[in-house]
Amino acid sequence: MKVLITGGSGLIGSSLTKQLLDEDIEVVHLTRSAHSKFGIKTYEWDWKQKKIDENCFQGVTDIVHLAGAGIADKPWTMRRKHEIIQSRVNTAKLLFDKVKELQIPIKSYISASGIGYYGAVNSDKVFSEQDKSHDDFIAKSCVYWENSADLFQEVGARVVKLRTGVVLAKNKGALTKIDKTVKLGIGAPIGTGKQAVPWIHIHDIANLYYQVLQNKEYKGVYNAVAPEFADNEMLTKTIAKTLNKKMFLPNVPSFVLRTIYGELSDIVLKGSSVSAEKLLKSGFEFKYPILIDALENIYKK
Ligand SMILES: NC(=O)c1ccc[n+]([C@@H]2O[C@H](COP(=O)([O-])OP(=O)(O)OC[C@H]3O[C@@H](n4cnc5c(N)ncnc54)[C@H](OP(=O)(O)O)[C@@H]3O)[C@@H](O)[C@H]2O)c1
C-alpha cells in the first residue's frame, strides 16, 4: 500500500500520516507548497492552474482527499464560497483526470465530507446516511464534494466518503475557538445552547481513515461522529468542567454572532444530530465514544 494524501499537512492529515508511518505504510503528500513535516515526499499542485506534479502518483495504490479551504476561517463572501467548493471539487476532478489519463491503478479513493450535508436545521431528528441532503450552502457543498469523489468509481476504485463531525484535538481545529473564552473564565453557551454538535476525537477520525483504507468492506458513505450526542451547552459545560473553570454568564445571544459573522454564524447557532449507528455496525471501535473522556484525554494528557 502507498497512500497519496491531499491536504495531508492539516489536522486530520497530520494525524493520519503519523499513524500510517507507524504502521510502515508509505505515504506521500500533495500540497500547495512543498514542505515536508514528516520526512516524506511531498509534491506540489496548483489546482487553479490545473497543474499537478505527476510524479506524485508513482506506485500509489490509494488516495485520501482532505484538501479544502477552511470552512470557518473567513466570512462567507461569494468569493469565499466559491473557494470552499472549488478547493474540494476541482481538486478531486483534477486528481480524477490525471488518474484516468495516466492509468494509475487506484484501489481506493477516500474523501472527507461533512455532517453539514444534513444542513443546520435545529430539529430533533437524528440524521442517518440514507437521509437526503439539505439545501443550504454547506449542504450543497457537501453534495458537490461527494459527487466529485464518486467519479473515481469510473476507474474501478472503491469510494468511501466520511461525513465528519467537529474534530476535537489538542490546540488545533474547532476546539481552540470554542475553549478560548472558557479558559478565560468567560465561557458561555451560544444561542439557545441546544443546537447539536456532532463531534469526533482526532484519534478516532485518523484511525477511521486507517481502518477504511485497510478494510475493503467499507464502501459508500459513513457518518464519522462519536456515538454520544452533544449540544453546544453540553460541550461548553464539559470543557469548563474538564478545565476546572466556572461558568456563570448567560448564553451569548444569537444576534451577536449573526452581526459579526453573518451566514457563517449558522454553523455554531444551528446543528443537526447525526447517527453513528452505521459506523458502529461496521465494527469500528471508538477509543473515545464519550465526550468527557475525549476532553479529558485532550486537556489532561
Ligand atoms: N476538522 C474538522 O472538524 C472537520 C469536520 C468536518 C469535515 N472536515 C473536512 O476534512 C478535511 C480535512 O480536515 P482538516 O481539519 O484536517 O483540515 P485543515 O487542517 O484545514 O487542512 C486542510 C488542508 O487542505 C489544504 N488547503 C487549505 N486551503 C486550501 C485551498 N484553498 N486549496 C487547496 N487546498 C487547501 C491545506 O494543505 P496544504 O497547505 O498542504 O495544501 C490544509 O492543510 C477538510 O476538507 C475539512 O473540511 C474537517
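Please bear in mind that the structure shown is a predicted model.

I begin with the surroundings of the ligand. The shell holds 23 residues, and the closest are Ser9, Leu11, Ile12, Thr31 and Arg88. Of the shell, H2 provides the largest share, with three residues.

Turning to individual atoms, the side chain of Thr31 places an N or O atom 2.7 Å from an oxygen atom of the ligand. A nitrogen atom of the ligand lies 2.9 Å from a polar side-chain atom of Trp47. With Val167 the backbone is involved: one of its polar backbone atoms is 2.9 Å from an oxygen atom of the ligand. On its own, the ligand has 880 Å² of accessible area, and the protein covers 82% of that.

I now move to Asp131. This residue sits in the loop between strand S7 (126-127) and helix H3 (137-150). Is Asp131 buried or exposed? Its relative accessible area is 18%, and the limit for buried is under 20%, so Asp131 counts as buried.

Which residues does Asp131 touch, leaving aside those up to four places away in sequence? They are Tyr117, Tyr118, Lys125 and Val126. With Lys125 there is a polar contact between the two side chains, at 3.1 Å.

How values were computed:
Residues are numbered from 1 along each chain as its sequence is written. This is a predicted model: local features need pLDDT of at least 70, side-chain atom pairs count only at pLDDT 80 or more; totals for chains, interfaces and linings use all residues. Side-chain values use heavy atoms; hydrogens and water are left out. A residue is near a molecule or strand if one of its heavy atoms lies within 4 Å of it. A polar contact is a pair of N or O atoms within 3.5 Å; within protein, one must be able to donate a hydrogen and the other to accept it, and residues adjacent in sequence count only if both atoms are side-chain atoms. Accessible areas come from the Shrake-Rupley method with a 1.4 Å probe; for residues, only the protein chains shown count as cover. Helices (H or I, at least four residues) and strands (E, at least two) are DSSP runs, numbered from the N terminus. Buried means under 20% relative accessible area, exposed over 50%, partly exposed in between (1.4 Å probe, protein chains only). Contact means heavy atoms within 4.5 Å.
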